[in-house]
Every structure is written in C-alpha cells, then in structure tokens.
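Have a look at the picture first, and then read on.

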Amino acid sequence: MELLKQRILQEGFALPGNVLKVDSFLNHQIDPALSAAMGKEFAQRFADFRVDRVLTIEASGIAVGLMTALELGVPLVFARKKKSVLMTEEAYTTDVFSYTKKETSHVSVLKKFLPKDERVLIIDDFLANGDSALGMARIVEMAGSEVIGIGIVIEKSFQAGHKRITDAGYHLESLARVKSLDNCQILFAEN
Ligand code: 5GP
C-alpha cells in the first residue's frame, strides 16, 4: 500500500534490535484517515472471504481492526493482554510472548464474544516472529471457529513470522513488507 509506505519512510525510525518505530501514526498517536484507508484496503483484500468477525489484540491493532470491521460491516473484538476485574466471565486464554516488551502475556477473549462456527479475520499492526498472530489463531480455533485470514499492517519479512504463518496454512495479507532495517535504513520488499 503506497500511502502507508510513504508514511513509514517519512516518519518511521529503525531502532536497534530490528524494531521499527512508527508512533506518529500507528503505535501511539493514530492517524484516523490513514487508519480508515488501511481498513478499506483490508476489507477489499478479504472481500471474498465472507468474514463474520474481526479479532485483534490491544492496543495498536484496535484502530485499524475497527476500520476494517466497519468496512466489512461486522463486529470487532480485541484480545486483552492483562486480566481485568471486568473479565468475570469465561474466557479463552493463551500465552503470547511480546516481541517489544520481551515478556509473556496471558492473552484472553471472553467466550461470549467469540461464538463458534464463525469465519474470523485476524488483524495486527506488526508481524515479527508471528507469536501474536498465531496466539490469536489459537484462540479462534479454541472457540471452534475458522481463521479465514491474517491481515498485517507492517510485516518485517526478514523475521520468522511470515514463514510460520504461511507454513501453518493461513492466508496472509500485509499492507507493507519491510525486507531490512539494517544500518537503521528502512528497505521494502517487492510486492
Ligand atoms: P510477533 O508476535 O509477530 O513477534 O510481533 C508482533 C507484535 O509485536 C505486534 O503486535 C507489535 O505490537 C509488536 N512488534 C513487533 N515488531 C515490532 C516493530 O518493529 N515495531 C513495533 N512498533 N512493534 C512491533
């Protein structure tokens, strides 16, 4: 997605440790117009997949997940990373290692918000080693539903996530694919 790539080049910083910082439009401050455009793009890419529900994970997946769900006309549910006093009902849970926080979170979604026999689209902001997306896929499958695809805003193609997700048989769509962050330079993979 050309617009997204331009914003990454203009505002992104490649940090040591293969981390891309895009907090001016995706991870801290959020650009509503860009989020809407990304939601439209995901909705187009998954238009033929008969999506029943979008699942994302707090916090940075929520804005783009919401815009995607709005375009598709379906509900959005987000996985919580921390247990809340409000989570008094039964939930599906799984452990997910966080690439940026370097800690494992106990991720959960209330069962009532993931009915069985649905076709679920997973959306996330970044793909690095794939732990977050695969954790969400586990939760969908625990619920007895089907992961019809995984949509990622920024995929770091040089890390393990792409292969892990496609090897597991999931359909993956990434709006921007970064092939290298070496020497703090952002290089995109060909489409
Ligand atoms: P994974 O689970 O695929 O290893 O990493 C994906 C998750 O880690 C995303 O949900 C995102 O929050 C975070 N993440 C991974 N790499 C980056 C990065 O380069 N920049 C930012 N801002 N977050 C990242």
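The lining of the largest pocket divides into 12 nonpolar, 9 polar and 9 charged residues. Here Ala, Val, Leu, Ile, Met, Phe, Trp, Tyr, Cys and Pro count as nonpolar, Asp, Glu, Lys and Arg as charged, and the others, Gly among them, as polar. This is a predicted model, where local features need pLDDT of at least 70 and side-chain atom pairs count only at pLDDT 80 or more, while totals for chains, interfaces and linings use all residues. Residues are numbered from 1 along each chain as its sequence is written, and side-chain values use heavy atoms, with hydrogens and water left out.

A pocket is an open set of points on a 1 Å grid over the protein atoms alone, with protein on both sides within 12 Å along at least five of seven lines; lining residues have an atom within 4 Å of a point. The two pockets compare as follows.

| Pocket | Volume | Residue classes of the lining |
|---|---|---|
| Largest | about 720 Å³ | 12 nonpolar, 9 polar, 9 charged |

Strand 7 gives the largest share of the largest pocket's lining, 4 residues. Helices (H or I, at least four residues) and strands (E, at least two) are DSSP runs, numbered from the N terminus. Strand 4 (76–79) and strand 6 (104–110) each supply at least two residues of the second largest pocket's lining, which includes Leu 76, Phe 78 and Val 109.

Which space does the ligand take? The ligand takes the space of the largest pocket; a molecule sits in a pocket if more than half of its atoms lie within 2 Å of the grid points. Strand 2 (19–21), strand 7 (119–127) and helix 4 (131–142) each give two or more residues to the shell around the ligand. In all, 16 residues surround the ligand, and Leu 20, Asn 129, Gly 130, Ser 132 and Lys 156 are the closest; a residue is near if one of its heavy atoms lies within 4 Å.

Now for polar contacts, pairs of N or O atoms within 3.5 Å. A nitrogen atom of the ligand lies 2.7 Å from a backbone N or O atom of Leu 20. For Gly 130, a backbone N or O atom is 2.7 Å from an oxygen atom of the ligand.

Methods:
A polar contact is a pair of N or O atoms within 3.5 Å; within protein, one must be able to donate a hydrogen and the other to accept it, and residues adjacent in sequence count only if both atoms are side-chain atoms. On a 1 Å grid over the protein atoms alone, a cavity is a set of points where a 1.4 Å probe fits but cannot get out, and a pocket is an open set with protein on both sides within 12 Å along at least five of seven lines; lining residues have an atom within 4 Å of a point. Grid points are joined across faces, edges and corners, and a volume is the space filled by probe spheres set on the points.
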